Structure formats: C-alpha cells, structure tokens
Amino acid sequence: MNKAIGLALLVGGIVLLIFGFQASHSFSSDVSRTFTGSPTDKSVWMIVGGAVAAIAGLVMSLRGGSRL
C-alpha cells in the first residue's frame, strides 16, 4: 500500500513541478519579476510543493512495504 501511495506522490510531484516551471515563465510571472525581482508566489509554491511531494514519493516507493 505504501508503494502505491509513494508512486502517486511521485507522479503528482512531477506534475506540480512541470506546472510550476511553466507558470514561472508566464507573462504575469515576468511582470512580477520585473517589479519585485522574483516570480509569482503561485509558481514558487507549485515548484516547492512538487519537489517535496516528489521526494516523499520517491522515498516511500523505494522503501517498500511496511515492516510490522
């Protein structure tokens, strides 16, 4: 069961990373970067959340089943 959840987290994290990187190259992110020096909060949170979910999913799927 943990392996399936881990794989789902890994796939979800990769999808969030892709959407986050696309959002960081959008027009609104370019405007935000011009005035504030950083991309929009939405793109940053999607990248951070995707990285955390992908790492957690990778660890869960590689660790295997639970040891009871």
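This is a predicted model: local features need pLDDT of at least 70, side-chain atom pairs count only at pLDDT 80 or more; totals for chains, interfaces and linings use all residues.
Residues are numbered from 1 along each chain as its sequence is written, and side-chain values use heavy atoms, with hydrogens and water left out.

Let me begin with the helix pair. Helix H1 covers residues 2-24 and helix H3 covers residues 41-63, and the two pack at an angle of about 155° with their axes 7 Å apart. When I say helix, I mean a DSSP run of H or I with at least four residues, numbered from the N terminus; the axes are lines fitted to C-alpha atoms over the stretch in contact, and the angles run from 0 to 180 degrees between N-to-C directions. Because angles over 145 degrees count as roughly antiparallel, H1 and H3 are roughly antiparallel to each other. Sorted by type, the residues of the contact of H1 with H3 are 18 nonpolar, ten polar and two charged, where Ala, Val, Leu, Ile, Met, Phe, Trp, Tyr, Cys and Pro count as nonpolar, Asp, Glu, Lys and Arg as charged, and the others, Gly among them, as polar.

Leaving aside neighbours within four places in sequence, Gly-57 is in contact with Gly-6, Leu-7, Leu-9 and Leu-10, contact meaning heavy atoms within 4.5 Å. Gly-57 and Val-11 lie 46 residues apart in sequence, yet their C-alpha atoms are 8.0 Å apart in space.

Now to Ala-23 and Ser-24. Ala-23 belongs to helix H1, and its C-alpha atom is separated by 7.9 Å from that of Lys-42, 19 residues apart along the chain. Setting aside neighbours within four places, Ala-23 is in contact with Ser-29, Ser-43 and Met-46. Ser-24, also in helix H1, is buried, with a relative accessible area of 9%, and, with residues up to four places away not counted, Ser-24 touches Ser-29, Asp-30, Arg-33 and Ser-43.

Arg-33 forms a salt bridge with Asp-30, the closest N and O atoms being 2.9 Å apart; the rule asks for a side-chain nitrogen of Lys or Arg within 4 Å of a carboxyl oxygen of Asp or Glu, and by it the count comes to one salt bridge. Arg-33 is partly exposed at a relative accessible area of 32%, and Asp-30 is partly exposed at 35%. Finally, Asp-30 touches Ser-24 and His-25, residues up to four places away again not counted, and the C-alpha atoms of Asp-30 and Thr-40, ten residues apart in sequence, are 8.5 Å apart.

Technical notes
Angles under 35 degrees count as roughly parallel, over 145 as roughly antiparallel, 65 to 115 as roughly perpendicular and the rest as oblique. Buried means under 20% relative accessible area, exposed over 50%, partly exposed in between (1.4 Å probe, protein chains only).
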